[in-house]
Amino acid sequence: MVKVAVLGYGTVGSGIVEVIKTNQEAINQKTEDEMDVKYILDLRDFPGDPYENLIVHDVDVIMNDPDVKVVAEAMGGVEPAYTFTKRALLAGKSVCTSNKELVEKHGQELMTIARENQCNYLFEASVGGGIPIIRTLNTALTPEKIDAITGILNGTTNYILTKMETEGADFNEVLKKAQEMGYAERNPEADIEGYDACRKIAILSSLAFGKNVDAADIYTEGITKITTNDFAYAKKFGATIKLLGMSKMIDGKYFAMVSPFILFPKNPLFSVSDVFNAILVHGNNLGNTMYYGAGAGKLPTASAVVSDMIDCARHLGKTFPCRWDAEKLQLSSFEDSSKRFFVRIDCAEKVKAESVFAGAEFAEGVVEGEIGFVSPAMSEKEYQEKAAQFDKIISMIRVEE
Ligand code: HSE
């Protein structure tokens with residue numbers, strides 16, 4: 001029997017117990033042993049809960065029990081999750097988590113501690129919820145030199161943008177509705193400002209490129225400035241707008257960014273709508289592969305944590321290989337990266353735009369008194385220099401090809 005413990009009995013923690021109990025037989029078969037939840041750590045009591053007898057309030061009970069071989073950390077945040085994770089790993093207990101904040105900040109260090117103690121620190125659920133992307137990067141894609149990862153990595157903002165597009169609703173209106181429906185947090189800053197997507201692309205980039213990518217080094221822009229007028233132009237150009245997290249290796253230089261992007265139908269991410277996430281990975285032999293699914297939610301996220309727990313339970317005493325070195329990956333300034341730009345300006349500046357952005361594709365009559373255009377490809381720096389020649393840029397959204 002493999003005894004496991006769950007730290008935190010909130011949404012994800014209770015989902016982990018539910019997934020194990022619901023699919024107990026199949027999980028035992030795949031574990032090649034019986035997986036048994038011995039403890040659930042939480043500060044609260046849960047009277048009437050079917051597993052209330054498993055609740056403990058003292059983490060030492062779990063840490064000091066040699067029977068517990070695998071721990072699911074579903075507490076969220078950095079502390080005390082970091083301290084508890086470290087303690088468990090030092091005691092040779094594998095830890096599996098959905099905690100993207102902790103993985104982004106201390107993932108590399110925690111994996112090293114795991115390796116030194118013949119156990120694992122696994123975090124499939126930290127990016128893309130239930131989508132098996134971490135395991136895929138660490139196994140199926142190992143023959144590849146990955147040169148681009150582009151993802152819709154945040155369900156809340158994808159839901160908001162989808163509603164703005166399909167219902168013509170204003171950003172604040174949709175955000176309020178998303179909060180009422182429980183899709184958006186009461187404090188939605190991490191989602192709408194792009195910080196959540198930034199942590200996730202930092203984790204994916206570290207795994208894809210093998211060196212530590214710091215979220216603080218990634219240029220990040222959220223969706224708060226996107227308006228229904230931007231969507232009206234996107235529609236006119238046959239395009240849509242998505243918040244993308246991306247990292248690319250171009251001519252030996254690495255770029256990473258989180259920002260809203262105009263996407264055309266030829267891009268596989270074009271039709272990823274509502275709360276869904278998708279990650280498009282480009283490898284030098286394989287070309288594009290895309291991974292799609294529920295990027296959040298209790299059971300999809302819990303399922304990904306349990307899949308890691310099964311892996312750990314099946315391979316006790318063995319550490320899975322994972323290339324994420326402590327050395328920092330030097331990112332180049334995003335100003336050097338080249339792309340097309342969608343721009344809105346006052347219609348009085350049309351003639352100037354035709355000359356400064358020669359070769360641009362224009363759209364008129366979408367919003368009174370202004371014009372919009374998609375520029376030819378140029379560097380961010382070049383775009384900034386050209387944009388500075390105009391009285392006012394009403395809005396600018398980058399184009400992802
Ligand atoms: N707030 C996140 C999202 C939850 O909306 O995608 C999953 O990480």
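Begin with strand 15 and strand 19 (residues 393–400): they pair in the antiparallel sense over 6 bridges. You are looking at a predicted model. Zoom in on Phe341. Opposite Phe341 stands Arg398, in strand 19.

**Stay on strand 15**

For a landmark, pick Val343: its bridge partner in strand 17 is Phe373.

Which residue of strand 18 stands opposite Lys339? Select Met378 and you have it.

Now step inside the order. Show strand 4 (residues 68–73) beside strand 5 (residues 94–97). They run parallel, and 4 bridges join them. Click Ala72, then Cys96 in strand 5: these two are bridge partners.

**Find the ligand**

Select the ligand and show the residues around it: Lys100, Asn154, Gly155, Thr156, Asp191, Asp196, Lys200, Gly295 and Ala296.

- Thr156: an N or O atom of its side chain is 2.5 Å from an oxygen atom of the ligand.
- Asn154: here the distance from a side-chain N or O atom to a ligand oxygen atom is 3.4 Å.
- Asp191: a polar side-chain atom lies 2.9 Å from a nitrogen atom of the ligand.

How much of the ligand does the protein cover? On its own, the ligand has 260 Å² of accessible area, and the protein covers 81% of that.

**Finish on helix 10**

Two residues around the ligand, Asp196 and Lys200, take you to the last stop. Select residues 195–209: this is helix 10. Check its length by the C-alpha atoms at its ends, which are 21 Å apart. Its 15 residues, at 1.5 Å a residue, should span 21 Å, so the two values agree.

Is helix 10 mostly covered or mostly open? Mostly covered: 13 of its 15 residues are buried. Last, click Gly210, which follows the helix. The phi of Gly210 is positive, near 80°.

Note on methods. Residues numbered from 1 in each chain as written. Predicted model: local features only at pLDDT ≥ 70, side-chain atom pairs only at ≥ 80, totals over all residues. Heavy atoms only, no water. Expected span 1.5 Å × (residues − 1). Buried < 20%, exposed > 50% of the residue type's maximum accessible area, 1.4 Å probe, protein only. Pairing = 2+ DSSP bridges. Near = heavy atom within 4 Å. Polar contact = N/O pair within 3.5 Å; in protein donor to acceptor, adjacent residues only side chain to side chain. Areas by Shrake-Rupley, 256 points an atom, 1.4 Å probe, with all protein chains shown as cover.
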